[in-house]
Amino acid sequence: MAEVRLAVVGAGVVGKRHIETIRSTASAELVAIVDPFPGAETTADEAGVPYYVDVRAMLRDSKPDGVIVATPTEHHLASCLAALESGAHVLVEKPISATLSEAEAIVAKSEQTGRHVLVGHHRRYYPQVHRAREIVRQGHLGRLVAVSGQWGLRKHEGYYEPDWRKRRAAGPVLTNLIHDMDCLRFICGEVTSISAETANNVRSAEKEDAAALIMSFENGALGSFVLSDQTCSPWAWEFATGENPAFPKTGRNVLRFMGTDASLEFPNLVVWRHDDGAGDWTTDIKPHPEALELGDAFERQIEHFCSVVHGEQVPQVTALDATRTLRATLAVFEAADSKQRVRL
Ligand SMILES: NC(=O)c1ccc[n+]([C@@H]2O[C@H](COP(=O)([O-])OP(=O)(O)OC[C@H]3O[C@@H](n4cnc5c(N)ncnc54)[C@H](O)[C@@H]3O)[C@@H](O)[C@H]2O)c1
């Protein structure tokens, strides 16, 4: 089968990861890079592909089969619309967009053009996430009653230099919590309500430094989650999995799913059960770990995107699905600002 011709729009931190992944994936070929930042020309030279500052000029000249949109979130919409209108399929980084109306515009354009949109919730390509969904949804824990999670780390100072990273659209709720929100929806089912508080006492920027939320799920389970990008802690997905070689690995679990018969620690997949099955607090309780290879989610995501472009598969994370994840995540701000419980 012919290689899928892919262009990358936005050659920053995550764009470069896509560029490397495409270059090492047999089914894909990198055909162009778009990024107005002059340093990106070097990235294009190194990759041996044409460099553009304007997405429409690139679409006209290179006619890619697929476009990866990895610009700052607030610019996702314009590049997605241009790519879909040109007839290309799109892999857009998460969050699909900064606002719900923009997400809806992407969904509508995808339907109108008949081109697919895959959203880069890359954790969906880890076997641990699928196994956790199976454990919860097939009733291995009995009835799911409660979920708790945390995400805490301290990002380096240089991270906050660009102005866009000081804004809410780039804060830890929309940048990081959205990953956990997507996992929680995928594993437990839809979130039906959210109450939350946010704080920005450390950096005093528009973006939040911390958030705490309480949620309910469609199956009746309750959940709580705290997060901060200003804390030194070992409890964050990136540290738990070691998925990104730039960050240390602690292997500490970050989510706990608690059921009437057993509980699950995640992502290490440890099920805790009483010796006599669904016992009570008078009987011994032991861990039952399961070992699964993590693998490279970005590699699997690109391979999946190539299959989507070839028409062999439909997107694992559609624009509509990602819009629901965005809706639940934006509800954190709505709940915190209004001091009201938000029903979804
Ligand atoms: N899946 C993940 O794990 C993951 C990780 C990091 C970031 N992201 C997402 O990826 C996106 C980019 O984040 P980042 O950390 O790579 O940002 P970044 O600032 O490192 O890179 C963004 C790049 O886009 C370029 N750019 C700006 N406007 C542009 C435009 N109109 N057209 C083309 N290029 C443009 C910038 O010059 C910059 O090089 C965000 O939406 C973020 O939420 C996802």
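**A parallel sheet and its surroundings in a predicted model**

In strand S3, Tyr52 is the bridge partner of Val34, a pairing that belongs to the contact between two parallel strands, S2 (residues 28–34) and S3, which are joined by 2 bridges. The model described here is predicted, and the values given below are computed from it.

Strands of a sheet pair through backbone hydrogen bonds, in either a parallel or an antiparallel manner. In the present case the pairing is parallel, and 6 strands make up an open sheet whose order is S3-S2-S1-S4-S5-S6. Helix H1, which comprises residues 13–23, lies across strand S1 (4–9), S2, strand S4 (66–69) and strand S5 (89–93), and the direction of helix H1 is at about 150° to that of S2.

As for the protein chain as a whole, 10 helices and 15 strands are found in it. The C-alpha trace spans about 70 × 50 × 40 Å along its principal axes. The radius of gyration of the protein chain is 21 Å, which agrees with the value near 20 Å that a compact globule would have with 344 residues. Of these 344 residues, 45% count as buried. Where contacts in the protein chain are formed between residues at least 6 apart in sequence, 66% of them join residues that are at least 24 apart.

Note on methods. Residues are numbered from 1 along each chain as its sequence is written. This is a predicted model: local features need pLDDT of at least 70, side-chain atom pairs count only at pLDDT 80 or more; totals for chains, interfaces and linings use all residues. Two strands pair if DSSP finds at least two bridges between them. Helices (H or I, at least four residues) and strands (E, at least two) are DSSP runs, numbered from the N terminus. Two residues are in contact if their C-beta atoms, placed from the backbone, lie within 7 Å. Axes are lines fitted to C-alpha atoms, for helices over the stretch in contact, and angles run from 0 to 180 degrees between N-to-C directions. The radius of gyration is taken over C-alpha atoms; the globule rule is 2.2 Å times the number of residues to the power 0.38. A residue is buried if 20 or more other C-beta atoms lie within 10 Å of its own, exposed if 12 or fewer, and partly exposed in between; C-beta atoms are placed from the backbone.
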